[in-house]
Amino acid sequence: MTGDRATLLERLELARGRVMELKNEDVGAMFPDQIPAEIRVALTAYTEAVCDYLGSCFFVMDRLGEGLFREEGPRVSDWSGISPEEWKEINHMLYQPLADGAYETSFANPEQAARLGTYGEVLSFLMAELYSMPAYLFDGKLFMIVTLVELFLEIFGKFTQDTAPAEARVREAAAFYAEDYAEEIVSLRLRDQFVPAGGVLYQILMEEDLTDERYLYKYGEYISDTELRLSRFMQTLSKEEIDSMARTFTKGFRRGFETMRIPFEGKETVSLRYAIGQERMMRRVAEQFQEMGLSPIMTRAAGSRLNRKGVVRQGVISGPVCRQFEYDHRMDEAIFLGRRYMERKLAAQKEVLEELAPLLGKYAGPALVETFGEDTFLPEAKDGIIRLTEEQQALSTELTGLQSQLLERYLPGKDYSFSIIAYPNPKIGDRFEEIFRETVRINTLSNEVYLPLQQKLIDVMDLADHILVEGAGDNRTRMKVTMRKLQDPEHETQFENCVADVNIPLGEVFTSPVLENTEGTLHVSGVYLNGYFFKDLEITFRDGMVEEYRCGNYEDEEAGKRYIRENILFHHASLPIGEFAIGTNVPAYRMAGRYDILGKLPILIVEKTGPHFALGDTCYSHMEDTAVYNPDGKEIISRENRFSVLRDTEPEKAYFNCHTDITIPYEEIGRITAVYPDGSEKDLLREGRFVLPGTEALNADQMNRTEDRI
């Protein structure tokens, strides 16, 4: 860490003093005449906006008290004297620049940043980076606070010299920030993810009075009516209901070790990821994990672009303040991404992982409770956003691959498990409580009922030459999926019979298809992927690889292609089909139709509501050498493809480090048919319904649950 605590406090005091001085000075007069007048005006407004925001952060810092930067970290109990009204005001101060439409006039908005001329991109990046400040304040992360304030002052200083700074010099300052502090920022993030500690998040979850809504604001995250209503609803549930919901989740996590034959002995930590407002259930989840011998680790979503990837937000999170802001800044690393930065980041990651190796061996995995209900988001395509160059796109892909290889070396995927489940939040609509209870019903469908029904589908497909998937009506899907030839059908299978363990709810059979001779067109009228809505999405494949793609999101066809390349292909020129699956959870599909919420369901549930194809790596990524078995004892042999087979000889070519499921709703399916080597056919689904003899029960809206839970 750069500087000890005393030195950092001194640096903070100096930087804070300079910011407060700027608030009382004629900033516009400091800029040289060589800067055009209209840009000087914008620079003045920009500087005033940043100083005002930092002033709010300093106010909050003082209000949280002197103990904020104590060596062992803040104590949430120190904040008990802050009234509910003041907490709301604090939250408003920290997030007002982005909330309730304020982003439209913010310099973080690329359209407004254009007023700054060639300096717009880097100054917009800087403002976005400063907006990560609240989390650092509430966690008492002195180093991050100091470096951010100093970065602003350094860049501001370049504009007060005798001549106008070249845009490259301003950008260089941001790049040096990333390179110089990569080691510290990477180290902080990895320790947050894997070292159990009694930090602010742990204190809130395990020690705070959850009936006192002030606890929500103590996270320092954005708190809206959604988080408040979700917390209030959780308080209405009985102790038995909460315990049962938690048990469904933790039992699924524990069962994952048995299903995948991973030794549980010696595991000591589990990463809890959830939405703020779910604490009443999550406290019981944490307690049940502790009964298993696992200490919970809680981590915030990454704030700095040095740690973030696209718009992914994993950890303890609230709803996004402004989704367009997240989208506009998803490629901010373009400001600093270069070979030198990549090497610094990888070296830092390796050093920390080496140090944490003993802890990583005790890591049981992540346990994620998703939330859903947000309105469909169609981002505005803006010309002025920061974008990766083609060279940087290749570098970003390379960096992601090398980071994945490095993590796999110290934390092999075969050594830990995971569990994921989802519940709605109040944004789902006026029938939120009803939908919540329906979701609990979906999450507790009976494994014993689904296993034999899904096995009938598997038995038919196992011996097929290929599977045909054809759309109905306006759906233009026509896919041929090539199957492997089983050498020992009595003991081998191509499909996993997936019920509720790590992946809740149950309801799919899936395989990693043979890429050669897998081809055709995949089309869906509308689908929600990786946080974004895709309208009229169409992708064509040859030998299992993406060949062409388009969507109807934008009138400009090239804008649509770019949207797909950035948010589905993740800058890869092409991706393979990593998975073909048939979802069998008709009750979930009927629930979605009954409440008109299909577009709001997470992929975790949507993938169970129809056939789907995943682009990217297989479901067995980094676990190809681990034998996996279905409940009937048959080994699942379809664990790799022509890319993952290179994992030992050419690891840089083996994985794409992404996996995106694209589901075709039942109503858009004309037929799914198994075609045998002799040309004979057997339909599994026809006109959106299961027609294979013995599977008709899957069409029912009501299926047996493991037990009545809520």
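This is a predicted model: local features need pLDDT of at least 70, side-chain atom pairs count only at pLDDT 80 or more; totals for chains, interfaces and linings use all residues.
The model contains an open sheet of 5 strands, paired in the antiparallel sense and arranged in the order 9-10-14-15-17. The edges are held by strand 9 (496-498) and strand 17 (659-663); each has a single partner strand, so one side of each has no neighbour in the sheet. On average, neighbouring strands are turned by 25 degrees against each other, direction ignored.

Within this sheet, strand 14 (residues 577-583) pairs with strand 15 (residues 611-616) over 5 bridges, in the antiparallel sense. One of the residues involved is isoleucine 582, whose bridge partner in strand 15 is proline 611.

## A helix across the sheet

Helix 18 (residues 447-462) lies across strand 9, strand 10 (508-511) and strand 14. Relative to strand 9, helix 18 runs at about 155 degrees.

The whole structure holds 51 salt bridges. One of them joins arginine 16 and aspartate 62, with 2.5 Å between the closest N and O atoms. Arginine 16 belongs to helix 1 (residues 5-23) and aspartate 62 to helix 2 (residues 37-64), so this pair ties together parts that are 46 residues apart in sequence. Arginine 16 is buried, at a relative accessible area of 18%, whereas aspartate 62 is partly exposed, at 45%.

Arginine 340 and glutamate 179 also meet through their side chains in a salt bridge, at 2.8 Å from N to O. Because arginine 340 sits in helix 15 (residues 339-360) and glutamate 179 in helix 8 (residues 167-194), the pair ties together parts that are 161 residues apart in sequence. Glutamate 179 is buried, with a relative accessible area of 9%.

## A helix-to-loop pair and a network

A further salt bridge connects aspartate 328 with lysine 382, where the closest N and O atoms are 2.9 Å apart. Aspartate 328 is in helix 14 (residues 323-328), while lysine 382 is in the loop between strand 4 (363-372) and helix 16 (390-410). The pair links distant parts of the chain, 54 residues apart. Both aspartate 328 and lysine 382 are buried.

Salt bridges also form a network, which links Asp243, Arg284, Glu287 and Glu291.

Notes
Residues are numbered from 1 along each chain as its sequence is written. Side-chain values use heavy atoms; hydrogens and water are left out. Two strands pair if DSSP finds at least two bridges between them. Helices (H or I, at least four residues) and strands (E, at least two) are DSSP runs, numbered from the N terminus. Axes are lines fitted to C-alpha atoms, for helices over the stretch in contact, and angles run from 0 to 180 degrees between N-to-C directions. Contact means heavy atoms within 4.5 Å. A salt bridge is a side-chain nitrogen of Lys or Arg within 4 Å of a carboxyl oxygen of Asp or Glu. Buried means under 20% relative accessible area, exposed over 50%, partly exposed in between (1.4 Å probe, protein chains only).
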